[in-house]
Amino acid sequence: MKIKKPEDLRKIKTRGMILLSPDTARITVGTATCGNARGAEKTVNAIKRELKRQGVKADVVKVGCNGMCYAEPIVEVIRSGKPRITYGYAGVDRAADIVKSLSTGKPVEDIALLRHDEHKTADGIESVKYSKGRPGRTYSGIKDYNKCDFFKKQKKLVSRNAGTINPESMDEYIALGGYSALAKALTSMKPEQIINEVKTSRLRGRGGAGFPAGLKWEACRRADGEKKYIVCNGSEGDPEIGMHRSFLESDPHAVIEGIILAGYCIEAQEGYIYLNDRYVLASERVKTAIRQAEKIGLLGKNIMSSGFSFSLKVKRGGGAYVCGEETALLNSLEGSIGEPRTRPPFPVEKGLFGMPTVVNNLETLANIPLIVEHGGKWFAETGTPSGRGTKIVALSGNVSQTCWVEVPLGTKVDDIIKTFGRGTANGKRIKAFQTGGPSGGILPARLLKTKLDYDSLARAGTLLGSGGLLVMDEDTDIICMARFLTEFFADESCGKCTSCREGVKRLLDLIDTIAEGCGTEDHLNIIKRMDKAMRDTSFCALGKTAAAPIASVIKHFPGDVKKRMLKQ
Amino acid sequence: MTDIKLLPNAQKMLERVERIIAKNQGGQETLVTILHEVQDRFGYIPRQALDLISQRKNLFLSTLYRLVTSYRAFRIEKPEKHIITFCNGTGCHVNSGESLLKESWATSIQNSLNITVEKVRCLGCCNMSPALMIDGEVYSGQDAQVKIAEILSE
Ligand SMILES: Cc1cc2nc3c(=O)[nH]c(=O)nc-3n(C[C@H](O)[C@H](O)[C@H](O)COP(=O)(O)O)c2cc1C
């Protein structure tokens, strides 16, 4: 059946709702990359075996990640009329207990993390009710989802479905309000109107540069070209973050819906999703989702009789960090070497195959359905003046809980580390942190009160980037850290422009000299001059920011640097 | 080169590559996809496959070679029986990922003719940090030690 009117979604919605809270039971296992690494697939098989052995009936469903990567494998149990129970650390050996809880009605207390009486999306529109009446004494020992800081302090707008729905089921996505924004747009909104809403929302790019999405679309819409393209940047080359991977593995339709809407606004006929070469599972789930959307006519010719036709393809990248840069990405899509292009002309004028092209990060695009559904004004209520909406943040390094979360822009870095990461792994002091991947500066603990938004981080000397947050404790050798990041740039420089190609090598020599204890004041001065020179003359932001880690260490950790200097 | 071992099967391999090329009609924009498909099939991109692709797509072999070697995803040498991939991401680095390389077994695996050792920028499972991947499966801590000992004793 093809969807023609918004009402046509209703039937699918009912079907999806039954899947989400069936009359029998539903057992979900988190099988994103973080879960699989901890053996989630084995847990799935063990649960299936146990169901058979104990003669119990339940749907076993693979879902994505709810952000609690530290507690993987995560298993959830939903029984008709009873609260949804979240279990953590559910290895193969716990499968029997979990299955047994279905027949006894008693939850497995020692691994139960949360109880969930009703699932509500953060926009408050959709909900799935689990418990009928009050949950009773059986569940009193288990923490209520709504009272759990880990979720209470988040605002899960973009990632609302992650970990709840089956990423390979479009019905479940639609059940929780999916594709209703697209249906609304195609049947009752003009492209200009949507672009205006996106402008009102003041949504800025989540991929690094933070350019306002609405303005980019408008420029592309105005540009001349016989064809136009929308490209979703899923390159995610920063070496510490996997939240966009995890998000795609958890809710691919959310990104696809955003891409179709973007395509409608700029009048593109074709879209590409450019994925990091290692994202095999994400790529499979996205491809499945595309096939499902094609089947009900949300991709293809004359979508919902609106006259708008659009097709979407997934392309696997070649595994180079610089291919995340939008013009290098376009070169890579065209089958050339991933080297950045001269700008201007900007991609919105001359992009893929020389045609006007919008390149957006996948998280930017996943925000679009929310803006279309609720309006730009509603969206702008969250966040701070320099950044509206939320940001998905991946927390890694020396934290006790590795996780990814979605918080309003403007949340303090400190709060994120304390609330979600539960501080450092063994109670040690935090020495430094870094946001925005390798190009961000390494900042000292005294700046932990900095707000996580575009301007506050820029003032502190770093950037929001695509949302990595790395924590380093007091044992970290900060010089060694700067060396590691410099080596990263030396590895990843594409070699096109001289200042980056030669600059990164010289920087690495200099930091080596300092790390070996032979550095002098002169070395530091050369680094400072090189930082400026590389910022002024490099072709793309990779070279421009390559000296940022070292320069920030010299600036913020003078004590550490001095200790390493040559004793004269 | 390792290709010599492959010769008896070369014909079969080339037929395979020919089919992959036929499936991806078009110009240069199809190259990265073709290269991925060849590598997924054979574990690397054999020299004869490069020759064939350059002929079919009307490219200089040198141009194609430059493309292949500019991307990290592609191998042009046949990997050994086992592939051990160390995570060299920032998160694992902070959690002493490099100390894994200093473990007693590290030199043994570097020297083993059975094992190809690689480093990547992030395995995407910071919850296991410091992590490494052995033949497609992620390991850390004690499990990694056990698995590596098993491979070394083969
Ligand atoms: C070296 C380098 C790497 C980048 N890597 C990424 C990336 O992995 N993902 C991404 O979305 N943007 C990346 N960017 C930013 C893109 O060039 C571009 O600004 C972004 O995709 C635009 O989308 P947005 O406006 O939605 O943020 C990178 C930029 C540079 C200079």
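## Residue classes and the model

In this report Ala, Val, Leu, Ile, Met, Phe, Trp, Tyr, Cys and Pro count as nonpolar, Asp, Glu, Lys and Arg count as charged, and the others, Gly among them, count as polar. The structure is a predicted model.

## The shell around the ligand

The ligand is surrounded by 20 residues. The closest of these are A:G207, A:N233, A:N360, A:N361 and A:T364. Sorted by class, the shell holds ten polar residues, five nonpolar residues and five charged residues.

Two elements of chain A, β11 (357–361) and α21 (541–544), each supply at least two residues of this shell. The element that gives the most is β11 of chain A, with three residues. The ligand itself sits in the second largest pocket.

## Polar side chains at the ligand

For A:N360, an N or O atom of the side chain is 2.8 Å from a ligand oxygen. For A:N233, a polar side-chain atom lies 2.9 Å from an oxygen atom of the ligand. A:N233 and A:N360 are also among the closest residues of the shell. For A:K216, the distance between a polar side-chain atom and an oxygen atom of the ligand is 3.0 Å.

The cover of the ligand can be given as an area. Taken alone, the ligand exposes 610 Å², and the protein buries 92% of that.

## Domains of chain A

Chain A is divided into four stretches: domain 1 covers 8–152, domain 2 covers 179–379, domain 3 covers 387–471 and domain 4 covers 478–563. Between the C-alpha centres of domain 1 and domain 4 of chain A the distance is 48 Å.

## Backbone details in chain A

Two cis peptide bonds follow one another in chain A. One joins A:R343 and A:P344, with omega at about -10°. The other joins A:P344 and A:P345, and its omega is about 0°. A:P344 is found in the loop between α13 (326–333) and β11 of chain A, and A:P345 has its place in the loop between α13 and β11 as well. The strand β11 that ends this loop is the element that gives the most residues to the ligand shell.

A further backbone detail concerns A:R202. This residue is not a glycine, yet its phi is positive, near 55°. A:R202 is placed in the loop between α8 (191–201) and α9 (213–222) of chain A.

## Chain B

Chain B is divided into domain 1 (11–70) and domain 2 (82–152). Taken over C-alpha atoms, the centres of domain 1 and domain 2 of chain B are separated by 30 Å. Along its principal axes, the C-alpha trace of chain B spans about 50 × 35 × 25 Å.

Chain B has eight helices and four strands. Read from the N terminus on, its elements run α-α-α-α-β-α-α-α-β-β-β-α.

Notes: Residues are numbered from 1 along each chain as its sequence is written. Chains are lettered from A and ligands numbered from 1 in the order in which they are written. This is a predicted model: local features need pLDDT of at least 70, side-chain atom pairs count only at pLDDT 80 or more; totals for chains, interfaces and linings use all residues. Side-chain values use heavy atoms; hydrogens and water are left out. A residue is near a molecule or strand if one of its heavy atoms lies within 4 Å of it. A polar contact is a pair of N or O atoms within 3.5 Å; within protein, one must be able to donate a hydrogen and the other to accept it, and residues adjacent in sequence count only if both atoms are side-chain atoms. Accessible areas come from the Shrake-Rupley method with a 1.4 Å probe; for residues, only the protein chains shown count as cover. On a 1 Å grid over the protein atoms alone, a cavity is a set of points where a 1.4 Å probe fits but cannot get out, and a pocket is an open set with protein on both sides within 12 Å along at least five of seven lines; lining residues have an atom within 4 Å of a point. A molecule sits in a cavity or pocket if more than half of its atoms lie within 2 Å of its grid points. Domain bounds come from an automatic or database domain assignment.
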